[in-house]
Amino acid sequence: MSRNVAKRKRIYLKEKPAEKIGAEHFELREEDVPEPKVGEVLVKGLYISLDAAMRAWMQGRTYRSEVDAGVVMPGLLLGEVIESRDPSLPEGALVEGDMGWQDYAVVPARSLMRRKAMKPLTHLLSAYGITGRTAYFGMMDIGRPKPGDVVLVSAAAGAVGSLAAQMARMAGATVVGIAGSDKKCAYLTETLKLDAAVSHRDKRFFAALQEACPNGIDLYFDNVGGEVLEAALFLMNERGRVVCCGAVSQYDAAPGPTPGPRGIPGLLVVKRLEMRGFIVMDYAARLAEADGRVASWIAEKKLAVPEDIVEGIEKTPQALIGLLHGENIGKRIVKI
Ligand SMILES: NC(=O)c1ccc[n+]([C@@H]2O[C@H](COP(=O)([O-])OP(=O)(O)OC[C@H]3O[C@@H](n4cnc5c(N)ncnc54)[C@H](OP(=O)(O)O)[C@@H]3O)[C@@H](O)[C@H]2O)c1
């Protein structure tokens, strides 16, 4: 046996939040590491992907089954096989899978996907993971920005938004980003070279957005829903398109109907708007296309991939809570 590990750290969802999520809803437990059975492997976790939608998984059924209290918090984990009882995954293989928040996982080999190592390894969870693929298909396949379009992206300093916004800029559009602080807005215009940025925490948010989009909006890439979506709908041009990627403003709340946006019937009908939702796995057969385009943009230095690495598995709950409060610039990942 090549391992030298007897105990592992696992973070459980202790209790489902009734309203806002807090550290008290999680519990870190130290447990024995079981022996893998035939067909299983022992994986040493390297990086945990944090995704805003993890909070929505606790609210009810989404694109995956609801997460209940009493389980190891699920989530994508990138790790290395350190013991194998399945010939398809030898020791040393780099793998990813929904292994959850734990530093050592014993799982069926067939539940994992093998990945090729790259530098930096974290790009497997950002540029070449759900984040990059969501940005690519949402913006390039559904949004289809054209030169001259005005494109608005919300949560534009976040993981998906920062990549989607840059893709629209590469397509020749005028791109306006929405983020939650002046610091993030400066990052969007100065580092990512967006044409303008507006803070949704600005008391004058709607007026500032209107000033940033004097000719209206042709395409809105919506990551947040709620009031920001409502504001964007009012500024959409006729026959504009709205890509519904997510609704993070509504995740950290009690389950059930969510407020707003108001005015949808009048706005959608009169402006002949098109709104389309999608889930990245709808594109499972085309992931190589996204990875290939992203790789060439990175190689040509046209696409920056911001990452926000938090160190230490113990910090994972706080890192998710912080993500929902907008602490991150780019893809938040926990380094175990
Ligand atoms: N459709 C799909 O297949 C798919 C796949 C992956 C992700 N997504 C969606 O993509 C979106 C972004 O997810 P991510 O994992 O990349 O997270 P992220 O953008 O890195 O982080 C979430 C960001 O949302 C912003 N935010 C939080 N509350 C807000 C509010 N009330 N109003 C406006 N902004 C708020 C925060 O930034 P600020 O400082 O700017 O507030 C925060 O940084 C989510 O809606 C997620 O569900 C969809």
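Helices (H or I, at least four residues) and strands (E, at least two) are DSSP runs, numbered from the N terminus. This is a predicted model, in which local features need pLDDT of at least 70, side-chain atom pairs count only at pLDDT 80 or more, and totals for chains, interfaces and linings use all residues. Residue numbers start from 1 along each chain as its sequence is written.

**Stop 1: the ligand**

Select the ligand and the residues around it. A residue is near a molecule or strand if its C-beta atom, placed from the backbone, lies within 6 Å of it. There are 33 residues around the ligand, and Gly158, Ala159, Gly180, Gly246 and Gly326 come nearest. Now colour α2 (130-143), α3 and α9 (316-324): each supplies at least two residues of the shell. By class, the shell has 18 nonpolar, 12 polar and 3 charged residues. Here Ala, Val, Leu, Ile, Met, Phe, Trp, Tyr, Cys and Pro count as nonpolar, Asp, Glu, Lys and Arg as charged, and the others, Gly among them, as polar.

**Stop 2: the two domains**

Colour domain 1 (7-126 + 307-335) and domain 2 (130-281) separately; the bounds come from an automatic or database domain assignment. The ligand lies between domain 1 and domain 2, because both give residues to the shell around it. The domain centres, taken over C-alpha atoms, are 29 Å apart. In the contact are 20 residues from domain 1 and 18 residues from domain 2, where two residues are in contact if their C-beta atoms, placed from the backbone, lie within 7 Å. On the domain 1 side, select α1 (53-57) and β16 (331-335), the elements that give two or more residues. α1 gives the most, with 3 residues.

**Stop 3: the sheet**

Which order do the strands of the open sheet follow? The 6 strands run β11-β10-β9-β12-β13-β14, with parallel pairing; two strands pair if DSSP finds at least two bridges between them. β11 (196-199) and β14 (274-277) stand at the edges with a single partner strand each, so one side of each has no neighbour in the sheet.

Zoom in on β10 (residues 174-179), which pairs with β11 over 4 bridges in the parallel sense. Ala179 stands opposite Ser199 in β11.

Finish with helix α3 (residues 159-170), which packs on the sheet and touches β9 (150-153), β10 and β12 (217-222). The direction of α3 makes about 175° with that of β9; axes are lines fitted to C-alpha atoms, for helices over the stretch in contact, and angles run from 0 to 180 degrees between N-to-C directions.
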